[in-house]
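Thanks for asking me to look this one over. Here are my notes, point by point, to read alongside the structure.

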Amino acid sequence: MELTYTAEQRAFREEVRAWMAASVPAQPLQSFDCEEGFRQHRAWEANLNEGRWGMVTWPKELGGRGCDLIEWLIFEEEYYRAGAPARVNQNGIFLLGPTLMEFGTAAQQERFLPKMATGEEIWAQGWSEPNAGSDMAAIRCRAERKGDVYVINGQKTWSTRAVWADWLFGLFRSDPQSSRHHGLTFILLPLNSPGITVRPIPQLNGLPGFAEIFFDDVEVPVENVLGGEGMGWHVAMSTAGFERGLMLRSPARFQETARRLVQLYLANREQADLDPAIGEAVMRAWMDAEAYTLNTYMTASRLVKGGRIGPESSTNKIFWSELDQRMHETALSILGLRGELLPHAPDAGDVDHWLDGFLFAQAGPIYAGTNEIQRNIIAERMLGMPRA
């Protein structure tokens, strides 16, 4: 399969490349898992929005460029090629944003999307609970309707970006008599609401990339429901489809990692103690990154023609998360003991990128639904089994 681009697409690529060359910070930003880094990344989102690059697929009237998904993939390739900062509002722009486009009212779209694009409002996820991780149908956090508000009680955990985020989207059980996928409602709520307590969860590197959130009689207006009461599972599956199947992990991310891995191997292949099998692992990683790219272009082309993301999003999620793990494990195998240096250690050189990436990649088979759950979904679809 060979990708060919139209003259308009090639011109778009040149425009993106020129803007990135002029705008990407010369020095890397601090991690957005620390307070100062979060502030720096929020400012970068505002800078992107000024150039109308915040979310290129959104309509122009909502701060985007009205690009199709092929152009979005081109944008992502140039974004990663330029070494631009990671997107601190990825929960919002890549997950909730497309879901709002599909299920939100005109008032909700007008209220939330522009501030999401500028980085003025950063979003956290509210999926997992202590007894409901990848199995979101086991959610118990309650949302009781009382007149014009829902009163929320319960707990969420492993909420990405929640320590310094402004808003949260999540699933809540609005029908106390329901079970599993029924009786769930998708609700948007500000994290500064009275009754909310956010408790940071340190990662292996000590930074609070996640948080647990406690809700004690938190009141949320009914107009903050997305998709209608009791329709939460249907709405959330659309969000999860974007997370697992296309937008959260663009192929450019893995192409860039594969490119760096090849460079690392070429710079170290003369080491006497380097396992000859590592060269094959590097080649396989590069090939898999390219295969994922071609598959994503195929999916994007289908969506541009009016198709939808289906259960194949589970297959995609398994593939990219395990590819990410293999690439970083291979890099640390090349580096040997140097790869175990802590970030910013003396003489660490470029190993920071690989160690931090390795630590994050270990969570890949867990977040966005564990790979074990995704394999169950694939098996159910192959066998034609209905979900409870």
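**Notes on the predicted model**

1. Let me start with Glu 256, which is buried, because its relative accessible area of 17% falls under the 20% cut-off. Please keep in mind throughout that this is a predicted model.

2. Where does Glu 256 sit? You will find Glu 256 in helix H7, which covers residues 251–268. The side chain of Glu 256 makes a polar contact of 2.4 Å with the side chain of Arg 259.

3. Which residues does Glu 256 touch, once those up to four places away in sequence are set aside? They are Tyr 80 and Arg 81. Tyr 80 is worth a look on your screen: Tyr 80 and Glu 256 are 176 residues apart in sequence, yet their C-alpha atoms are 6.5 Å apart in space.

4. Next, please turn to Thr 157. This residue belongs to the loop that runs between strand E3 (149–156) and strand E4 (167–173). Is Thr 157 buried or exposed? Thr 157 counts as buried, because its relative accessibility is 9% and the cut-off for buried is under 20%.

5. The surroundings of Thr 157 can be listed too. Leaving out residues up to four places away in sequence, Thr 157 touches Ser 128, Glu 129 and Pro 130, along with Ile 201, Ala 211 and Glu 212.

6. What lines the largest cavity? The lining consists of Phe 32, Asp 33, Phe 38, Arg 161, Ala 162, Val 163, Trp 164, Pro 208, Gly 209 and Phe 210. Sorted by class, that lining has 7 nonpolar, 1 polar and 2 charged residues. Both domain 1 (7–87) and domain 2 (123–230) contribute, with at least three residues drawn from each.

7. Finally, the chain as a whole. The chain has 11 helices and 7 strands, and 53% of its 388 residues are buried. If you take the contacts between residues at least 6 apart in sequence, 72% of them join residues at least 24 apart.

Key
Residues are numbered from 1 along each chain as its sequence is written. This is a predicted model: local features need pLDDT of at least 70, side-chain atom pairs count only at pLDDT 80 or more; totals for chains, interfaces and linings use all residues. Side-chain values use heavy atoms; hydrogens and water are left out. Helices (H or I, at least four residues) and strands (E, at least two) are DSSP runs, numbered from the N terminus. Buried means under 20% relative accessible area, exposed over 50%, partly exposed in between (1.4 Å probe, protein chains only). Contact means heavy atoms within 4.5 Å. A polar contact is a pair of N or O atoms within 3.5 Å; within protein, one must be able to donate a hydrogen and the other to accept it, and residues adjacent in sequence count only if both atoms are side-chain atoms. On a 1 Å grid over the protein atoms alone, a cavity is a set of points where a 1.4 Å probe fits but cannot get out, and a pocket is an open set with protein on both sides within 12 Å along at least five of seven lines; lining residues have an atom within 4 Å of a point. Ala, Val, Leu, Ile, Met, Phe, Trp, Tyr, Cys and Pro count as nonpolar, Asp, Glu, Lys and Arg as charged, and the others, Gly among them, as polar. Domain bounds come from an automatic or database domain assignment.
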